Amino acid sequence: MQRGALLFLDPALSGDGSRSCSTCHPGGASDQLFYDAGTEVPPTSAGARRTLSLRGAWQTPPYLWDGSAATVPDAIARMLRVEMRGGDPSSLDLKSLAAFVLSIPAYDNGRIQPEGEPVEPATLSARRGFAVFQQAKCAVCHPPPTYTHRFQFDIGTGGKWSVPTLRGVSQLGRLGHDGRWADLEQAMQEILAHREVELTNAEFYQLKAYVELL
Ligand code: HEC
Ligand code: HEC
């Protein structure tokens, strides 16, 4: 694992020495930028994919926004070939990197219990928001404690996509695989509209308060 941690920081793994894994995944998380086959592109452009955080990756197969990598080593092999513009890795490098990535702990700010209930003391809105989260069926695709799902779904964003975890989502910038949503509020509005779930204004902000707890 220590070997993997060092490789993760090593630009020599990229074909032109220009980048390491940690360039795009600082601290094992995400730089919040958008790439098309390793080239930085503006959000919402065709082919744009937001860098995924590697926190808790061990519990959220399959991998990549289109779910095309069944295992972490499969995803890393793609990273080395495409995002790093390198060649085929040695099997030892691949194993070491995978051991490191699989050791990165899940994002957990300690504010919710494993079943999704807010830890006390929580605001009244966040507690009500947990009920709205279940009523609005968010939990069908984003079940606690990972708030992600092993299948891909079409929620009106141009095809079927992996379900991103909602842990830490309020800390992020633009949302969606291609950055189509400016912020959490816009993402929630468009997802609710597509799912034809109608909430009162109060319920909407309770739901938002809950998602912000995650
Ligand atoms: C140029 C930026 C960039 C570099 C360098 C990079 N990644 Fe990524 N990584 C991404 C992007 C973008 C995605 C999402 C791509 C997609 O889904 O199509 C991603 C996805 C992943 C995933 C899948 C995560 C999930 O939950 O589905 C893993 C694992 C991963 N990267 C590991 C690595 C490792 C290990 C390295 C170094 C060998 C690396 N990455 C280098 C940008 C990068
Ligand atoms: C049918 C499955 C499904 C349901 C139900 C669902 N989602 Fe999602 N959610 C997804 C998928 C798939 C994506 C990724 C779409 C994309 O990136 O194009 C997503 C993305 C998101 C994002 C953006 C996260 C990010 O990192 O970019 C947020 C926020 C979100 N959902 C919140 C909710 C809320 C709140 C509800 C309940 C109102 C909900 N979702 C219901 C499948 C679902």
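**Ligand surroundings, nonpolar core and local backbone features**

At 9% relative accessibility, D178 counts as buried, where buried means under 20% relative accessible area, exposed over 50%, and partly exposed in between, computed with a 1.4 Å probe on protein chains only. The model is predicted, and for this reason local features need pLDDT of at least 70 and side-chain atom pairs count only at pLDDT 80 or more, whereas totals for chains, interfaces and linings use all residues. Residues are numbered from 1 along each chain as its sequence is written, chains are lettered from A and ligands numbered from 1 in the order in which they are written, and side-chain values use heavy atoms, with hydrogens and water left out.

D178 is placed in the loop between β5 and α7. Helices (H or I, at least four residues) and strands (E, at least two) are DSSP runs, numbered from the N terminus. Although D178 and R50 are 128 residues apart along the chain, their C-alpha atoms are separated by 5.9 Å.

Ligand 1 is surrounded by 22 residues, of which C21, C24, H25, W65 and M79 are the closest; a residue is taken as near a molecule or strand if one of its heavy atoms lies within 4 Å of it. In the side chain of H25, an N or O atom is 2.9 Å from a nitrogen atom of ligand 1. The backbone also takes part: a backbone N or O atom of L64 lies 2.7 Å from an oxygen atom of the ligand, and a polar backbone atom of W65 is 2.7 Å from an oxygen atom of ligand 1.

The shell around ligand 1 draws at least two residues from each of α2 (21-24), β3 (49-50) and α3 (72-83). Of these elements, α3 gives the most, with 6 residues. By class, the shell holds 14 nonpolar, 3 polar and 5 charged residues. In this classification Ala, Val, Leu, Ile, Met, Phe, Trp, Tyr, Cys and Pro count as nonpolar, Asp, Glu, Lys and Arg as charged, and the others, Gly among them, as polar.

L64, found in the loop between β3 and α3, has a phi near 75 degrees, a positive value in a residue other than glycine. With a relative accessible area of 14%, L64 is buried. The loop between β3 and α3 also holds P62, and the peptide bond from P61 to P62 is cis, with omega near -5 degrees. Most residues other than glycine have a negative phi, and most peptide bonds are trans.

Around ligand 2 there are 22 residues, and C138, C141, H142, T157 and H177 come nearest. A polar side-chain atom of H142 lies 3.0 Å from a nitrogen atom of the ligand. Oxygen atoms of ligand 2 are approached by T157, through a polar side-chain atom at 2.6 Å, and by H177, through a polar side-chain atom at 2.6 Å.

The elements α6 (138-141), β5 (161-163) and α7 (184-194) each supply at least two residues of the shell around ligand 2, and the largest share, 3 residues, comes from α7. The shell comprises 14 nonpolar, 5 polar and 3 charged residues.

The largest nonpolar core has 23 residues, among which F133, Y147, L207 and Y210 touch the most other members; such a core is a set of buried Ala, Val, Leu, Ile, Met, Phe, Trp, Tyr and Cys residues joined through side-chain atoms within 4.5 Å. At least two residues of this core are supplied by each of α5 (124-135), α7 and α8 (201-213). The largest share, 6 residues, comes from α8.

Further local features lie in other loops. E196, in the loop between α7 and α8, has a phi near 55 degrees, a positive value in a residue other than glycine; E196 is exposed, with a relative accessible area of 72%. In the loop between α4 (91-102) and α5 lies P121, and the peptide bond from E120 to P121 is cis, with omega near -5 degrees. R111 is also placed in the loop between α4 and α5 and counts as partly exposed at 36% relative accessibility. The C-alpha atoms of R111 and A122, which are 11 residues apart along the chain, are separated by 8.2 Å.

Conventions: A polar contact is a pair of N or O atoms within 3.5 Å; within protein, one must be able to donate a hydrogen and the other to accept it, and residues adjacent in sequence count only if both atoms are side-chain atoms.
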